[in-house]
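Hi everyone, thanks for making time. Have a look at the structure on the screen, and then I'll talk you through a metal site and a domain contact.

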Amino acid sequence: MFQQTATPSRVEMTSYGEVLDRFADRHTVTVAAGATCAYLGDERNLREFLVADEIARVLRRAGHIVSFLLIDDSLDPLNIRQLRVAVNKDPELIEKFSPWCGKPISQIPDPYNCHESFAEHFEEQLLARLNRLGANPTLVSTAKLYERGRYAPFVRTVLERHDEIVAYLEQTFPAYRPDKLFWPLCPRCRFLDGTRLTGTRNGCAQFSCDRCNSTEEVPFDEVEGKLNWKLDCAVRWVLLGVDIEPFGKSYLEPTAGSFFVAKAIAQRFFGMSKQGVTPFQYGAVGMERQWSMKLIDGLPSEMLRSMMVSRPATDFNISRDQIVSQASRHQVEPDLNYLDFVRQVLPMWLLTPENLSARQRDLVAHGVSFSDTFLNSPARLHLPTRTEVEGEKPEVLRGVHALLARTIELRTEEGKTTREEFEPLIKDSMKVLGALKGPCLHRLRTLVGQQQGLPVARFLLSLPIGYLRTVEFLLELSLRHPHQSLSQGELPTLKKAA
Ligand SMILES: [Zn+2]
Ligand SMILES: [Zn+2]
């Protein structure tokens, strides 16, 4: 007899290239990820789902037919910690639902009364969130698979060969001591968390329930309940034909990690093929509590997705500096990164929401939140103040005024509203300023709060006309100030000589 080894060499994949190689000769591939929809978590747990989705995308792009299954452990019992998170610490809901803790989440009512069950409420929320991030998995509710009898043959195997499985685990994974292989669902009180299998006899399972102080004897085929998570995982791989699933490092620890225990059980007792399932290792995401849910609000979906999937096996910590630096590298428009967008373009867009496309409105919503959270400054348009004009040479102010007047003329009377039409013409006008061009552009940037980033020709096209007229008027007032002894007639025009 060969001794089964529990310490194989590296089996996990860490890059999308390895995935493509592994499945090169396969037409269809099933990717899976697991969730417990007892509440909607924060951004950290998105990594597993998004990495799974990226694996599916990469395979699809290479021509494979791919199913991406999101498997909800909906027969898991609710615990009080999950309940508190699920209802946002609402004291009334906690009080109302704590008596349900210990029952399967698929058999508890929806705290918000809009779905069939507690599980379905959070399943739909998770799917909606993933959809926004570009992932569209097929949801599999394990409670429904159990209900429909799909697990029954495997449950029967576990009950019939209970002691053999325990002995096998002790020998193969000495570091892993399961408390229970199976959690019966008490037929009297319907709780799952207080039951314990006490024995099997004549095709019946015997168990006790602490919740209602009863003992039960139920034929194997009529027993309700769920397998220990590692065994459950082994069953779903076989049942759903899962080929690849992402796991964090701890699951891939060879001596007691869930992946290896489940795989050994699946092959030895449930008939999984030698090839079986391939694990894909994803790195951990660390995050201070203060950023929880702030990334979802503040980052464009593609940026959040890319943070999670671009280097899938690398651990990273979410901090303000890291987010801001990432924002400075994420392109949202040609030649425009997200950070510059938030600092410079967003305030202009806020003034003219009626002109924005759905995508731009989405970007504005994220940008407003990003500015508040990560830049500590609300997004707003800069209005010139008197001190920004005082002390400046009149010829520079006149040059700025002329540039604004020319911009308004080009964009309104002449209808030059695209970059291709507008930018060459306004650049010609800047040249006409000659030696004053530098000081004029500097003063203009200060006046409209665009000291850095976007080129002048670009923001002159983006700033709302009404706003430019206001700035133009303020300049005019200041140029007419008695001490400056200027009149409107002396303002130059910058029309390019035809
Ligand atoms: Zn609901
Ligand atoms: Zn009971």
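By donors I mean N, O and S atoms within 2.8 Å of the metal (3.2 Å for Na, K and Ca), and water is not among the atoms, so sites may look incomplete. This is a predicted model, where local features need pLDDT of at least 70, side-chain atom pairs count only at pLDDT 80 or more, and totals for chains, interfaces and linings use all residues. Side-chain values use heavy atoms, leaving out hydrogens and water, residues are numbered from 1 along each chain as its sequence is written, and chains are lettered from A and ligands numbered from 1 in the order in which they are written.

Let's start with the zinc ion (ligand 2). The SG atoms of C186, C189, C209 and C212 coordinate it at 2.2 to 2.3 Å. Why is the arrangement tetrahedral? Because the 4 donor atoms subtend angles of 105 to 119 degrees, and four donors count as tetrahedral if all angles lie between 85 and 135 degrees. Along the chain, the donors follow the spacing C-x2-C-x19-C-x2-C. C186 and C209 are both buried, meaning under 20% relative accessible area with a 1.4 Å probe, protein chains only.

Now the domains, whose bounds come from an automatic or database domain assignment. Domain 1 covers 16–176 + 228–281, domain 2 covers 287–374 and domain 3 covers 386–494. In contact (heavy atoms within 4.5 Å) are 20 residues of domain 1 and 19 residues of domain 2. The C-alpha centres of domain 1 and domain 2 lie 30 Å apart. Thanks, happy to chat!

Definitions and conventions: Tetrahedral: all angles 85-135°; square planar, octahedral: opposite > 155°, others 65-115°. Buried < 20%, exposed > 50% of the residue type's maximum accessible area, 1.4 Å probe, protein only.
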